[in-house]
Amino acid sequence: MGIDAKVYTLKEVSQHNTNKDCWLVIGGKVYDVTNFLEDHPGGDEVLLSSTGKDATDDFEDVGHSTTARAMMDEYCVGKIDASTVPTKVKYTPPKQPHYNQDKTSDFIIKLLQFLVPLAILGAAVAIRAYTKSA
């Protein structure tokens with residue numbers, strides 16, 4: 001692949017996503033692997049599932065041999081325009097604010113947590129006293 005290698009956008013490469021026309025993006029290069037689909041030791045499904053995205057991580061995670069890497073040159077058709085490939089963003093969960101559905105102040109909640117049981121206890125004592133005297 002020389003200095004004048006064709007540069008493709010991810011959108012262009014993504015259109016080649018069938019078993020009759022399959023292109024992959026690996027390591028910044030574009031590979032037409034259509035003729036390799038039947039010979040791929042991992043089957044053609046794994047290659048087809050890697051179309052339309054940067055498949056570098058998929059390729060590296062499998063741990064291809066040096067022989068496999070050497071074979072790639074014959075399938076290279078150009079380079080990918082890196083600005084068309086979305087950057088991977090590490091997922092960070094949103095910060096969850098303290099949820100207080102009715103917006104009742106913390107002071108009132110603490111006061112009620114103290115007063116409600118006290119009121120129940122008082123009612124129980126009053127009922128007991130009333131029923132004893134009757």
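Trainee: Which residue in S3 does Asn17 stand opposite?

Mentor: Asn17 stands opposite Cys22. This is a predicted model, where local features need pLDDT of at least 70, side-chain atom pairs count only at pLDDT 80 or more, and totals for chains, interfaces and linings use all residues. Residues are numbered from 1 along each chain as its sequence is written, and side-chain values use heavy atoms, with hydrogens and water left out.

Trainee: In what sense do S2 and S3 pair?

Mentor: Antiparallel, over two bridges, with S2 at residues 17-18. Strands are DSSP runs (E, at least two residues), numbered from the N terminus. Pairing takes at least two DSSP bridges between two strands. A hairpin of two residues joins S2 to S3.

Trainee: And how many bridges join S3 to S4?

Mentor: Four, with the strands antiparallel and S4 at residues 29-32. Trp23 has Asp32 as its bridge partner in S4. In that hairpin, Gly27 takes a positive phi near 60 degrees.

Trainee: Why is S3 largely enclosed?

Mentor: Because five of its six residues, 21-26, are buried. Buried means under 20% relative accessible area with a 1.4 Å probe, protein chains only.

Trainee: New topic. Which element gives the most to the lining of the largest pocket?

Mentor: H3, with three residues. Helices are DSSP runs of H or I, at least four residues. A pocket is an open set of points on a 1 Å grid over the protein atoms alone, where a 1.4 Å probe fits, with protein on both sides within 12 Å along at least five of seven lines; lining residues have an atom within 4 Å of a point.

Trainee: Which residues lie nearest its centre?

Mentor: Phe36, His40, Leu47, Phe59 and His64, out of 20 lining residues.

Terms used. Buried means under 20% relative accessible area, exposed over 50%, partly exposed in between (1.4 Å probe, protein chains only).
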